[in-house]
Amino acid sequence: MTQTGSTDLTVVGAGPAGVAATLMAVSVGMSVRLVEQGVPGGKLHHIGALDNVPGDWHSGPDLAAALSSDLDRARATQLLYRTTGRATAVAGYDGHAEVTLADGTVHRSEAVVVATGVTTLSAAAAPWIEAPDGFSPSPLWRTDPAALRGPTWILGADRPLGTWLRAHPHVEHTLNVACPPGDDYKSVEVEGDPRVHLVRCAALAVAPAPSGGAGLQLTVRGRDGRESLHVAGTVLHNLGSRPATLDGLAQGPDGYCPPELQHPRILTAGDLRSARFQRVVTAQGSGAQAALARYYDIALTGD
Ligand SMILES: Cc1cc2nc3c(=O)[nH]c(=O)nc-3n(C[C@H](O)[C@H](O)[C@H](O)COP(=O)(O)OP(=O)(O)OC[C@H]3O[C@@H](n4cnc5c(N)ncnc54)[C@H](O)[C@@H]3O)c2cc1C
């Protein structure tokens, strides 16, 4: 086990929440280690069309590039240390906190902000889908429209569907969207789009196409109990997500990690906190808030 020098704060995740926490902490003079498994920007890299972030941003990757430049500039303060790696665990103690990485390195600090966001829910974990072992469709949000072949089915009506449609206004392909009851409220934003054929269903079974043909056979059970058979050329995944937790984080009944359940030296921010506030601006706000909460803890209590 390698142990590194201590900082005021360790931030895990460099999406909008983790970057906001880092920039806020550095701006008030705290030393920060930022741990990110990939590149800065998080889910911003998957947002083709953006229209709800102040600052006239229209594309997620452009905003991700700006955040990355902000981090590069913050390095000049000599308060920011960056580590590429995957965190696996976090722990809070009386006098400090620790983050453990997959390679066994332990980063010690006064406190930790965890902003690891959410990760894709697998088809196997969706109770309304029955599918053969190993069935693992590509996510809609990463799909280039040119890859759509034949009748196209989208499993789930989660919000990335609306973003994908806005990002590809010229695509005319019809998307058959299998919408379970839990997704009804999310489907409102896309139900007027002529390219969307919403199939409100109770359950869906996936099987190979009959007689070894191309594509897949879908048996859709409607909410009235009636079944219908369909052959799909393309099946994509849009099932939503689950929190990307670390060992040591306290989880609520829904699996999310709200700040109020954590050890006082562990703060959570961004999408990881709850299923309700999954937006770029709320992620940024909560990241900055977490860093400031820690800053005032030190200022007021010296702890
Ligand atoms: C397709 C799509 C479209 C969207 N469209 C919009 C939109 O139009 N408007 C809007 O406001 N919001 C939109 N969102 C939601 C928005 O992207 C999120 O709310 C926001 O990115 C959350 O920020 P975050 O920092 O909490 O998490 P993320 O952006 O998910 O960042 C988490 C970061 O943590 C890193 N990480 C995760 N686990 C570890 C680990 N164990 N160790 C180290 N690093 C780790 C990840 O690599 C990632 O960089 C969209 C999301 C998607 C998927």
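I call a residue buried when its relative accessible area is under 20%, exposed when it is over 50%, and partly exposed in between, with a 1.4 Å probe and protein chains only. I work here on a predicted model, in which local features need pLDDT of at least 70 and side-chain atom pairs count only at pLDDT 80 or more, while totals for chains, interfaces and linings use all residues. I number residues from 1 along each chain as its sequence is written, and side-chain values use heavy atoms, with hydrogens and water left out.

**Entry 1**

I take helices (H or I, at least four residues) and strands (E, at least two) as DSSP runs, numbered from the N terminus. I looked up strand β5, residues 97-101, and found that four of its five residues are buried. I count two strands as paired if DSSP finds at least two bridges between them. Strand β4 (residues 87-92) runs antiparallel to β5 and is joined to it by five bridges, and I noted that Val 90 has Val 99 in β5 as its bridge partner. The two strands β4 and β5 form a hairpin with four residues between them.

On β5 I also found an antiparallel pairing with strand β6 (residues 106-114), over four bridges, where Thr 100 is partnered by Val 106 in β6. The hairpin of β5 and β6 has four residues between the strands, and there Gly 104 takes a positive phi near 95 degrees.

Which residue in the loop between β2 and α2 did I look up? I looked up Asp 56, which lies in the loop between β2 (32-36) and α2 (60-74) and has a positive phi of about 60 degrees although it is not a glycine. Asp 56 counts as exposed because its relative accessibility is 62%.

I then turned to Gln 78, in the loop between α2 and β3 (80-84), whose phi is near 65 degrees, again a positive value in a residue other than glycine. Gln 78 is exposed, because its relative accessible area is 67%.

**Entry 1: the two domains**

I took the domain bounds from an automatic or database domain assignment, which gives domain 1 as 7-120 + 241-301 and domain 2 as 123-237. The C-alpha centres of domain 1 and domain 2 lie 33 Å apart. The contact (heavy atoms within 4.5 Å) takes eight residues from domain 1 and seven residues from domain 2.

How much area do domain 1 and domain 2 bury between them? I read about 710 Å², 59% of it on carbon and sulfur atoms, where buried area is the accessible area (1.4 Å probe) that two parts lose on being put together, summed over both. His 46, Ala 49 and Thr 120 supply 60% of the area that domain 1 buries against domain 2, more than any other three residues.

**Entry 2: Glu 130**

I placed Glu 130 in strand β8 (residues 129-130), and it is exposed, because its relative accessible area is 59%. Leaving out residues up to four places away in sequence, I found that Glu 130 touches Leu 204, Ala 205 and Val 206. Glu 130 and Val 112 are 18 residues apart in sequence and 40 Å apart in space, C-alpha to C-alpha.
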